[in-house]
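User: I'd like a close look at one part of this model, please. Here it is.
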Amino acid sequence: MELAEADAGGAPSHYLACMSCHGLDGWGSPATRVPAIAGQSSSYVKKQLLDYRSGVRGSQKGDKWGAQMALMAQPLSDDDVAQLAYHLAEQPLWPGAIPNAKPAPKAALPCLGCHSKDRAGWVTSTAPILWGLSSDYLFRQLVAYRQGDRGGAPPGEAPDPMAGVVDSFLSDQVLMDIARYFANE
Ligand code: HEC
Ligand code: HEC
């Protein structure tokens, strides 16, 4: 346990299993479609890990990227999830997490209220930071929200605020424009 903690740079030992994909720093890798997770709020990370574990996220047919994560979340206990979320929230944000200086495409304007341009807003908001995540990853998430594959909730819990935000009539092109804007491309 002590050795594992040292190897992971003070991270909980469970983070060792995450490093091969998300990296020691949690900055992910656009090349392998793995998102950055360091510096996101602990409540956001916690909810994602619980959603993957319960199958609300990552179990839909054809979601091969989500399936990788669903598998990773299976063995985690509630305590493991809480520790990982707390650890990740304490880590520095990935270098690309900088608000885009360009004007937002019209379809992205309603998003900025929650996915703030303001760094201070990020700390208290449960909405994740989108700036500088890869456009490929963001596009995939938006398509998943559009088709109802993401945004559900376990029985008895409220669906997440993104359910219904991405209108079914938004085209792939519009979703890609939004994704590129947040990706700073
Ligand atoms: C085999 C590679 C792999 C491993 C190992 C892995 N992940 Fe992931 N992770 C991914 C991929 C790919 C995604 C994007 C999945 C999707 O599209 O839903 C992801 C997504 C996530 C997300 C959601 C990010 C967001 O912005 O919503 C979190 C949180 C996360 N991983 C945490 C972890 C933790 C904690 C571990 C270790 C217990 C871990 N991952 C291990 C590949 C991996
Ligand atoms: C009412 C507040 C709100 C609005 C408005 C909103 N979002 Fe979100 N968004 C959230 C929250 C909260 C989450 C986390 C959902 C969860 O817990 O799974 C989220 C998650 C996301 C994610 C997943 C990020 C990741 O790392 O996987 C993307 C992408 C996203 N939103 C894009 C958008 C876009 C694009 C718009 C505008 C069309 C938008 N959001 C509008 C609150 C909002």
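How do the residues of the shell around ligand 2 divide into nonpolar, polar and charged?

Analyst: The shell around ligand 2 splits into 16 nonpolar, four polar and two charged residues. For that count, Ala, Val, Leu, Ile, Met, Phe, Trp, Tyr, Cys and Pro are nonpolar, Asp, Glu, Lys and Arg are charged, and the others, Gly among them, are polar. Before going on, bear in mind that this is a predicted model, where local features need pLDDT of at least 70 and side-chain atom pairs count only at pLDDT 80 or more, while totals for chains, interfaces and linings use all residues. Residues are numbered from 1 along each chain as its sequence is written, and chains are lettered from A and ligands numbered from 1 in the order in which they are written.

Who sits there? The shell holds 22 residues, with Cys111, Cys114, Ala127, Gln141 and Asp160 coming nearest to ligand 2; a residue is near a molecule if its C-beta atom, placed from the backbone, lies within 6 Å of it. The largest share is from α7, with three residues. Helices here are DSSP runs of H or I with at least four residues, strands are runs of E with at least two, and both are numbered from the N terminus.

Now set that beside ligand 1. Its surroundings also come to 22 residues, and the closest are Cys18, Cys21, Trp65, Gly66 and Met72. Here the elements giving two or more residues are α2 (16–22), α3 (42–54) and α4 (64–73). That shell divides into 13 nonpolar, seven polar and two charged residues.

Zooming out, the protein has eight helices and zero strands. The radius of gyration is 16 Å, close to the 16 Å that the globule rule gives for 185 residues, so the protein is as compact as a globular protein of that length. That radius is taken over C-alpha atoms, and the rule is 2.2 Å times the number of residues to the power 0.38. Along the principal axes, the C-alpha atoms fill a box of roughly 50 × 35 × 30 Å. Buried residues make up 34% of the 185; buried means 20 or more other C-beta atoms within 10 Å of a residue's own, exposed means 12 or fewer, and partly exposed is in between, with C-beta atoms placed from the backbone.

The largest nonpolar core has 34 residues, and Leu49, Leu84, Leu138, Leu142, Ala179 and Phe182 touch the most other members. A nonpolar core is a set of buried Ala, Val, Leu, Ile, Met, Phe, Trp, Tyr and Cys residues joined through C-beta atoms within 7 Å. At least two residues each are supplied by α3, α4, α5 (78–90), α7 and α8 (172–182), and α8 gives the most, with five. In soluble globular proteins, nonpolar side chains tend to be buried together.

Staying with α3, Lys46 lies in that helix. Lys46 counts as buried because it has 20 C-beta neighbours inside 10 Å. Leaving out residues up to four places away in sequence, Lys46 touches Val81, Ala82 and Ala85; on that basis Leu49 touches Ala73, Leu76, Val81, Leu84 and Ala85. Contact means C-beta atoms, placed from the backbone, within 7 Å. The loop between α3 and α4 is where you'll find Gly58, which is buried, with 24 other C-beta atoms within 10 Å.

How far to trust it? The protein averages a pLDDT of 88, and 90% of the residues score at least 70; pLDDT is the predictor's confidence in each residue, from 0 to 100. Confidence is lowest in helix α1 (residues 2–7), at a mean of 44, and highest in α8, at 97. Over residues 1–7 pLDDT stays under 50, and the model has six contacts for them beyond four places in sequence.

Key: Two residues are in contact if their C-beta atoms, placed from the backbone, lie within 7 Å.
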